[in-house]
Amino acid sequence: MRRFQAVILAAGLGTRMRSNLPKVLHEICGKPMITLVLDALEAAGAERIIAVVGHRAELVEESVGSRVTCVLQEEQKGTGHAVMQAKDELSGYEGTVVVAAGDAAYLRESDLRSLVDHHQKTKASATILSAVLQNPSGYGRLARDTSGRIQRIVEEKDCSPEEAMIKEVNSSVYCFEKSDLFDALSSITPDNIQGEYYLTDVIEVMIRKGLRVEAVVSDDPLTAQGINTRVQLAEAERVFRDRIRERLMLSGVTMVDPLTTFVDFDVEIGQDTIILPFTVIRGKTVIGENCTIGPFARITDSKVSDGATISDAVVIEAEIGEGAQVGPYSYLRRGTVLAERAKIGAFVEVKKSIVGKGSKVPHQTYLGDAIVGEGVNIGAGTITCNYDGFRKYPTTISDRVFVGSNTNFVAPVTIGKGAYVAAGSTITEDVPEGALGIARKKQKNIHGWAEKRLKEGSKSGPRDD
Ligand code: UD1
Ligand code: CA
């Protein structure tokens, strides 16, 4: 029976990232690095997870939320010192503890399962998850004796030239028996080039005590790679982006140009949806079946129902109904809800508004805080004047209303069912059901005006232009 608790190390400054943000909060395909490690640990069955936080601890705590118990490492004195901070939290527990660096973003559930299984089967005191890298520089090396038994982990900065040649490296993910771990931690010293308490030093301590130390070599070299720099961050983004695209394409999504299609981890896309080039789909967006998305669509945290079309548009926290059409050049902001077959056209911005079934907003319009019923037609250039500088007010446009071009709705205002609004009106009062609302100055034509103007112009000499 595989049982274990886990400790994630997430207190470090992440100096090499050169960032104000804690390293483990930098995102990969929309997920903070630490969340990837958490996901893997939870999937592999961790009973409880403790995170050691330090640098800007409150930000990390907020990000991980209730999934973990946080303990504080006030001063960052190394990975060994970090694990010591979890001692009290683990005091009531005996058994296997997985320790993972918060930057071990490539950690897979399958590697964790093999690691814990091997550790428990061999009754080891410590088991290291390692990998073989063609270029091991930057990582701790696994030093083995001539018969292949592990002796110690040597940090790159402390390596002899021979040790530097070793290609098997420490992934910074380990399994320990809890009491052996804390016993060994009590005898490590910061006696190394970086002056830190290295967690890796417990290996040598255990070997000296005659305890059993094992290693499981991952078949994926990426497993060992921590994310230390923005270059490695971008590399991880590339690797995961590829995996996400592959998963979606294999599930029946067409990507005309995968290389210019960017999709976050949690996005769901239905079968036979076609994603055209230069499209970015982010956050918790859910897209249905048979949709056409892009080119040039940017969709964040939105729900798009079956058969919808979105091109050249920015869509944020919106709901797009079945068969609705959006674009080109539309901007749908938070709280926009389009019912089925609604149409939002060119240069239209919609914020916190509902557009009913089959209603059309085809050209150059701003709808803010509006409720638009079914079968409504909104003429070009219509604007809801929803803000008086202090507060926002609603505009209600009922079913089957026809709004002429270039109308201003000075909210709050309600247009009754089937009413008409004359083009160019500035509507400040409600229009009753079935009425025509017209609010513009009557046109007057001045006969002979042009000729008169010409005559007056010629008297005052040649034009100066
Ligand atoms: C570590 C390992 C190295 C391994 C590599 C794999 C040590 C000494 N070295 O090196 O053998 O090959 O990972 O990626 O462990 N942290 C704290 N408190 C501290 C210091 C670090 O919580 O005082 C956290 C960091 O936030 C980070 C993790 O521990 O998430 C690892 O620290 P990092 O500095 O990245 O270690 P590496 O030098 O990469
Ligand atoms: Ca690292």
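## A tour from strand to pocket to rings

Start by selecting strands β7 (residues 126-132) and β11: they run parallel, joined by five bridges. Strands here are DSSP E runs of at least two residues, helices are H or I runs of at least four, and both are numbered from the N terminus; two strands pair if DSSP finds at least two bridges between them. Before you go on, keep in mind that this is a predicted model, where local features need pLDDT of at least 70 and side-chain atom pairs count only at pLDDT 80 or more, while totals for chains, interfaces and linings use all residues. Residues are numbered from 1 along each chain as its sequence is written, chains are lettered from A and ligands numbered from 1 in the order in which they are written, and side-chain values use heavy atoms, with hydrogens and water left out.

Still on this pair, pick T127 and look across to E214 in β11, which stands opposite. β11 (residues 213-217) is mostly covered, with four of its five residues buried (under 20% relative accessible area; exposed is over 50%, partly exposed in between; 1.4 Å probe, protein chains only).

Next, the calcium ion, ligand 2. Which protein atoms are its donors? Show D103 (OD) and N228 (OD1), 2.3 to 2.5 Å from the ion (donors are N, O and S atoms within 2.8 Å of the metal, or 3.2 Å for Na, K and Ca; water is not among the atoms, so sites may look incomplete). D103 sits in the loop between β6 (96-101) and α4 (109-121), and N228 in the loop between β11 and α8, so the two tie together parts 125 residues apart in sequence. Both D103 and N228 are buried.

Colour β10 (168-177), which gives the most to the lining, with four residues.

Finish with the rings. The whole structure holds six aromatic pairs (Phe, Tyr or Trp rings, Trp by its six-membered ring, with centres within 6.5 Å; planes under 30 degrees apart are stacked, over 60 edge-to-face, the rest tilted). Select F278 and F296, a stacked pair at 5.0 Å centre to centre and 5° between the planes. Then jump to Y106, F240 and F265, which ring pairs link into a cluster.
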